[in-house]
Amino acid sequence: VEIGPRFVLHPIRIQQGCFLGSTIYQCPHFVNPNAQRRAVKKQSQMKSAMHNKRLYDKLISEEHKKMVDDNVTKMMTENPINDVFEKGVDFE
């Protein structure tokens, strides 16, 4: 319903009485502004949470790679045969 050039009414609900009574008409497409704000806020929180999870996963992955690299380096530099000859072998 348009009233004047700049004022437009979108009826949400029409009731039988004044502020009470049975509902004659209810707009099926109406979404409460609070629900819209809540949806936008939840969407931004989910986006932020996903970003934080990606950063956390990346950090964990980097730490794991560093630990594996350190273990491989340690294995390559150590020679287990050296321990045998340093302790000495007694054949008697």
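## Cysteines

The count of disulfides comes to zero in this predicted model. A disulfide is a covalent bond between the sulfur atoms of two cysteines. The cut-off applied here is a pair of cysteine sulfur atoms within 2.5 Å.

Cys18 counts as exposed, with a relative accessibility of 59%. Cys27 is partly exposed, and its relative accessible area is 22%.

## Overall layout

The protein contains two helices and two strands, and their order along the sequence is β-β-α-α. Strand 1 covers residues 13–15, and strand 2 covers residues 23–26. Helix 1 takes in residues 33–77.

Of the 92 residues, 0% count as buried, where buried means under 20% relative accessible area. The protein exposes about 9300 Å².

## Helix 1

Helix 1 has 45 residues. From its first C-alpha to its last, helix 1 reaches 66 Å, close to the 66 Å expected at 1.5 Å a residue.

## Salt bridge

Side chains of opposite charge can pair when their charged atoms come close. The count of salt bridges is one, formed by Asp57 with Lys53. The closest N and O atoms of Asp57 and Lys53 are 2.9 Å apart, and the cut-off for a salt bridge is within 4 Å.

Both residues belong to helix 1, where Asp57 and Lys53 are four residues apart, so about one helical turn separates them. Asp57 is partly exposed at a relative accessible area of 36%. Lys53 is also partly exposed, with a value of 47%.

## Before and between the strands

Which residues make the nonpolar surface patch of about 270 Å²? Ile3, Phe7 and Leu9 make this patch. Phe7 sits in the segment before strand 1. The relative accessible area of Phe7 is 45%, and Phe7 is therefore partly exposed; membership of a patch requires over 30%.

Phe19 is located in the loop between strand 1 and strand 2. The phi angle of Phe19 is near 65°, a positive value in a residue other than glycine. Is Phe19 buried or exposed? At 78% relative accessibility, Phe19 counts as exposed, because the cut-off for that class is over 50%.

Definitions and conventions
Residues numbered from 1 in each chain as written. Predicted model: local features only at pLDDT ≥ 70, side-chain atom pairs only at ≥ 80, totals over all residues. Heavy atoms only, no water. Salt bridge = Lys/Arg side-chain N within 4 Å of Asp/Glu carboxyl O. Buried < 20%, exposed > 50% of the residue type's maximum accessible area, 1.4 Å probe, protein only. Patch = residues over 30% accessible without salt bridge, like charges linked within 9 Å, V, L, I, M, F, W, Y side chains within 5 Å. Areas by Shrake-Rupley, 256 points an atom, 1.4 Å probe, with all protein chains shown as cover. Expected span 1.5 Å × (residues − 1).
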